[in-house]
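Hello,

Here is the structure we discussed. My notes follow below.

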Amino acid sequence: CLKNQKYYLISMSLATTMIVIFLQIITYFLFTTTASSPHGFTIDLIHRRSNASSFRLSNTQAGSPYADTVFDTYEYLMKLQIGTPPFEIEAVLDTGSELIWTQCLPCLHCYDQKAPIFDPSKSSTFKETRCYTPDHSCPYKIVYDDKSYTQGTLATETVTIHSTSGVPFVMPETIIGCSRNNSGSGFRPSSSGIVGLSRGSLSLISQMGGAYPGFISYCFAGKGTSKINFGANAIVAGDGVVSTTMFAKTAKRGHYYLNLDAVSVGDTRIETVGTPFHALNGNIVIDSGTPLTYFPVSYCNLVRKAVERVVTADRVADPSRNDMLCYYSNTIEIFPVITMHFSGGADLVLDKYNMYLELNRGGVFCLAVICNNPTQIAIFGNRAQNNLLVGYDSSSQLLGSPYADTVFDSSMYLMKLQVGTPPFEIEAVLDTGSELIWTQCLPCLNCYDQNAPIFDPSKSSTFKEKRCDTHDHSCPYEIVYNDKSYTKGTLATETVTIHSTSGEPFVMVAETIIGCGRNISVFSPSFSGIVGLNWGSLSLITQMGGAYPGLISYCFAGKGLVTTAKPGFYYLNLDAVSVGDTRIETLGTPFHALEGNIFLIDSGSTYTYLPGSFCNLVREAVEYVVPAVRAADPMDNDMLCYYSDTIDIFLVITMHFSGGADLVLDKYNTYIGIWNRIVEDFFVWLLYVIIRHKKLSLGTEHRTTFWWVMILLHSWFRSVPLIVLHCRIEETN
């Protein structure tokens, strides 16, 4: 909620016939250094309710989530349930902020709340998020533009809302704020907290996941209840559609920007061009959590003067002390109609109720526009959106999609990206099995030997250390991977840049959270760190925001699919494996499952891992048909190995996933010629030692003999190839 100004109770008398205007925002995402491309977002203004519907989402979707909303004086509260058993709260619906938070017991300094306060101790699914702070909590503090603030700790909890299917829409392990210190005029007793609906990674819509990619719609009624819809049911379409552009600004990440070209007061059109308010890349934010509309003072005064020239009633001081333009009047009819002219010819003719409000002193009407400080952002508030069907679609008609080049390095795939300002290129392991984006940073206490230069944060103008409640205010992190390698460092925010199909760089603004690693165990010198791509809130794909809702694809060249059991990881359900014509079912083994039994995909792991009992069945099927001589695994990974000079003696392996998805793998995908690689690595290392470090000194008469011996040894070793089935036994499921 960008603004939360107090004003006196609005009289809620509506005209008997209510003209409903549809306002559809189709948002598609394209960052540049200061703002998105002018073609990055659209907003459709539909001037009459239509029975037409959109089918851009599949009708096979079981149901679309929705929630009831309630009007309270000047805010719209959303009803949702948190915890197990579900505990109902009503919180401010706010497209201008990110976090979902509610007051929690025990509360150090809570505002007076009418409804019962949520007690985490009574929920079986509440879990405090752990951070590297003295008490391992993850503290947060948010200060809103009206100086109201909330302070507490982050936690994961089950969030439940309605669904059109009739079955509740349940979001397990959703990150929420448990607030225990709140203050300010922006918080009212009727509200339990705030539901953030911006494009930020912690907002409700972002945490819904890829099946609900930024689709939101609401129609705010001036009294009583209404609904907010998500998913397929949130798409707005019909006759009379006009469109304008929507923008994403790096300065205010996550907000929904429009470009306002002019405002008409009756027949008088006031252009923004020629004023400081004029822009081509977005100059006003649409915000459901701010009641009134805000213009910068110079432009605001032009609009007010146009109203003054038309209205003949007596002026009166604003009773709410917000310096609005107010008049004595018993009727709203004396005021002129106001039209908002957005870029692209999108003209929104507003009902008088949207732009004038009657204060509860009686007989006083005010223009619902406040003149803002020039340094503050302009806002299209919820009063102006009343009785409009407003729809946000942040996934359709993408003009430019981000992408990155990948490089194969021995057994890993490295992703090229840039961090910092100016951009500093790094190559980091592309890893769908982990969350954090981290790179080695200078100065480094214990860094591994890295071939490329190490990132120096002191040379970036956008690098900023995250602050936590620790003795030095840093936010330390430590990650230990399954192979016992680890990275330790501190969290920071930084600009991250990759390519885009639009030709313009895809810039993730300076609030992207990364890890600055300064104490790291041995990793390969060819890479700078790791790019986490799982579903976690700190992964690259999640931090891209709602316009890119978990859509990832890659084709690894070495010769060249997604769902949940462990939070953040991509699971599939493997029904069987075929070795040639022999099919080995998981049914009847401990490996069998109906809701995911194998990670797909972990781009950061080289081999395929199956649980011991099932892996042995697959290995036995291979042993039954391969005529070659068995060999011990020279890499001590207990893989099934054979002496062979060709891969052709091995059978094709097919993975059978649920739903009849059969993946016939190339032999290259399931067998590796490992001995040649060991020999190559050995001889490359030996020559490196001899030539680079000059560890061996030979006279001229012996050099020719030495090189012939090396060539013969190399040839002999290469003549003893070893083929390996890379199915590793995993001890647990």
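D72 and R188 form a salt bridge, with their closest N and O atoms 3.1 Å apart. The term means a side-chain nitrogen of Lys or Arg within 4 Å of a carboxyl oxygen of Asp or Glu. The pair is 116 residues apart: D72 sits in strand β3 (residues 65-72), R188 in the loop between β10 (169-183) and β11 (193-196). Strands here are DSSP E runs of at least two residues, helices H or I runs of at least four, numbered from the N terminus. D72 counts as buried because its relative accessibility is 17%. R188, at 23%, counts as partly exposed. The cut-offs: buried is under 20% relative accessible area, exposed over 50%, partly exposed in between (1.4 Å probe, protein chains only).

Note that this is a predicted model; local features need pLDDT of at least 70, side-chain atom pairs count only at pLDDT 80 or more, and totals for chains, interfaces and linings use all residues. Residues are numbered from 1 along each chain as its sequence is written, and side-chain values use heavy atoms, without hydrogens and water.

The salt-bridge count comes to 11. Another is E465 with R518 (3.8 Å, N to O). E465 lies in strand β34 (residues 464-465), R518 in strand β37 (residues 506-520), 53 residues apart. E465 is partly exposed at 32%.

E308 and R315 also meet in a salt bridge, at 3.1 Å, N to O. E308 is partly exposed at 34%. R315 is partly exposed too, at 45%.

Best wishes
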